[in-house]
Amino acid sequence: MPEIDRTTVESVVERHGLDTDEGTVGAFLEATREQAGQYDALAAAVPESDYRVDPSPGEDEYNAFRQRFELGGGDGPLSDLEMAVKENILVAGAPSTCGSPGFEFEPPHSATVVDRLVDAGASLVGTTNMDEFAFYITGETCAHGPTRNPAVDGCVPGGSSSGSGAAVAAGYVDAALGTDTGGSVRIPASFCGVVGIKPTHQRVSRFGVVDLSQSLDHVGPLARDVETAARVLESIAGPDVADPSTRGTPAASAYADAVEGGVEGLDVAVVSEAMATSEDAVGARVSSAVDGLVDAGASTDEVSLDGYATMGPAVGAIAGLEFAASVGANGASYATGTGTSEPLRGALADANGRGEFGENVAGLLVTNGVLTEGDGSAYVAAKGVQRQFTRAVRDALSEYDALVTPTTPIPAPEFGELSGMEGLLRAVENTAPFNCTGTPAVSVPCGTVDGKPVGLQVVTDWNDEATALAVARAVEAQ
């Protein structure tokens, strides 16, 4: 609790235009102290898992892993899979840095998605490298060194779920979990030539996940093929009592069965803005794949989405302001979310005290931290833009079963080729819009350009992952 004195109370009274006479301030001071006493009586138990892994440092050719361990491997629908999870998805006993030089945390409990993978029989073998605090898109900003792309020597793997994408592409694991705020599952999938799913927002629990942005983050799988990704999603989706944001979300569907549903009779529309800004060779690969969907029985059209070009900056504003506000308050978030345990809040407070953040994250915290002290107009404006675009996508999906774009407008760039906000916005042109809408999106490989993988993105309506997976499988089968 902050120090509660007359000066503090008076400043808040002034902020709301109330009378600052001595009697009024004194009454508010007494009431605030009484209220604080009631709040101080609240004491939540620290969540703890009934297991703790015994990790060792991860070492591999592509710097994909942070920690290695053995967890799970029992009976269940995923018993044939070896998996890993991004470092910001907590595993009890496995140290997490979230890719930052100034953050250290050994969690006493695992994320809900980790428990669900274990319950499904998956063998978890480690945590994976990531861009610092999930804020970048190349895999170059991790404090523990950049991750390399197994599919294209000398090129970035994409981020921020860089290690998860690389671990799958290298064949180290069958599938891995990542988090996606503006494309951080689908960009590594595109650059590394694997499958990546961003499910419907709030479809998968984020309890035990260190968020970048509470209102934009998604947890989703990267995998060697569409069927494997669907099986993993089926095991982790559904409501979670520990994550209030998942209340009311449907139970997990039979996604693995939906994969072979085919595209006969489906109406698919290519987003014109996404094709216009993508490299010609990338667009050509996507167009060829769309032609293949027609051969498989789908009808195709072209659609324009009003406001498409503004979605990258909107995601940047929402994510930046939410992150700065949360970290500035040592993990406290005054909104619906998964909650932050006191041990994690302590680790964030220590990180704030050390001030050893990387350049990108330091810039994010300071610039957006200053703006959070203002009148909130930038955040409100960004949320307004988000609502307008969500309506545009909902209108389009009332006419079409699926929308198609290149996942990324470019194939994997070389190290150092993308940098700063300009580089970030270029990479997320086609992925960030659908974090704003919360609609599910699947990236599936659809060929190569000069030996580099090209990803095709399939977007469908809320909670209709089944159709997206069926379209993605039809592309994969070409």
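**Overall picture**

Tutor: Of the 478 residues in the protein chain, 55% are buried, where buried means under 20% relative accessible area, exposed over 50% and partly exposed in between (1.4 Å probe, protein chains only). This is a predicted model, where local features need pLDDT of at least 70 and side-chain atom pairs count only at pLDDT 80 or more, while totals for chains, interfaces and linings use all residues. Residues are numbered from 1 along each chain as its sequence is written, and side-chain values use heavy atoms, with hydrogens and water left out.

Student: How many helices and strands are in the protein chain?

Tutor: The count is 16 helices and 12 strands. These are DSSP runs numbered from the N terminus: helices are H or I with at least four residues, strands are E with at least two.

Student: What share of the contacts joins residues at least 24 apart?

Tutor: Among contacts between residues at least 6 apart in sequence, the share is 76%. Contact means heavy atoms within 4.5 Å.

Student: On to the sheet. What is the strand order?

Tutor: The order is β1-β2-β4-β3-β5-β7-β6-β11-β12-β10-β8-β9, in an open sheet of 12 strands with mixed pairing. The edge strands, each pairing on one side only, are β1 (56–57) and β9 (299–303). Two strands pair if DSSP finds at least two bridges between them.

Student: Which helix packs on the sheet, touching β8 and β9?

Tutor: Helix α13 (residues 377–399) does, and it also touches β10 (402–406) and β12 (452–459). Its direction makes about 115° with that of β10. Axes are lines fitted to C-alpha atoms, for helices over the stretch in contact, and angles run from 0 to 180 degrees between N-to-C directions.

Student: Is β4 paired in a parallel or antiparallel sense with β2?

Tutor: Antiparallel, over five bridges, with β2 covering residues 65–72. R68 stands opposite G126 in β4. With β3, the pairing of β4 is parallel, again over five bridges. There, M83 has L124 in β4 as its bridge partner.

Student: Why is β4 described as largely enclosed?

Tutor: Because five of its six residues (123–128) are buried.

Student: And which residue of β7 is the bridge partner of G196?

Tutor: L222. Strands β6 (195–198) and β7 (218–223) pair in the antiparallel sense over two bridges.

Student: Now the loops. Where is S100?

Tutor: S100 sits in the loop between β3 (82–86) and α3 (112–119). It counts as buried, at 2% relative accessibility. Leaving aside neighbours within four places in sequence, S100 contacts E132, F133, A143 and F357.

Student: F133 again. What is its phi?

Tutor: It is positive, about 50°, although F133 is not a glycine. F133 lies in the loop between β4 and α4. At 4% relative accessibility, F133 counts as buried.

Student: Which other residue has a positive phi, near 55°?

Tutor: N330, which is also a residue other than glycine. N330 is in the loop between α10 (311–328) and α11 (342–354). It counts as partly exposed, at 23% relative accessibility.

Student: Where is the cis peptide bond?

Tutor: From G159 to S160, with omega near 5°. S160 is in the loop between β4 and α4 (162–169).

Student: Which residues does A166 contact?

Tutor: Beyond neighbours within four places in sequence, they are A64, T147, R148, P150 and C192. A166 lies in helix α4. At 0% relative accessibility, A166 counts as buried.

Student: Last one. How many residues of α16 are buried?

Tutor: Nine of its 12. Among them are L469, V471 and V475.
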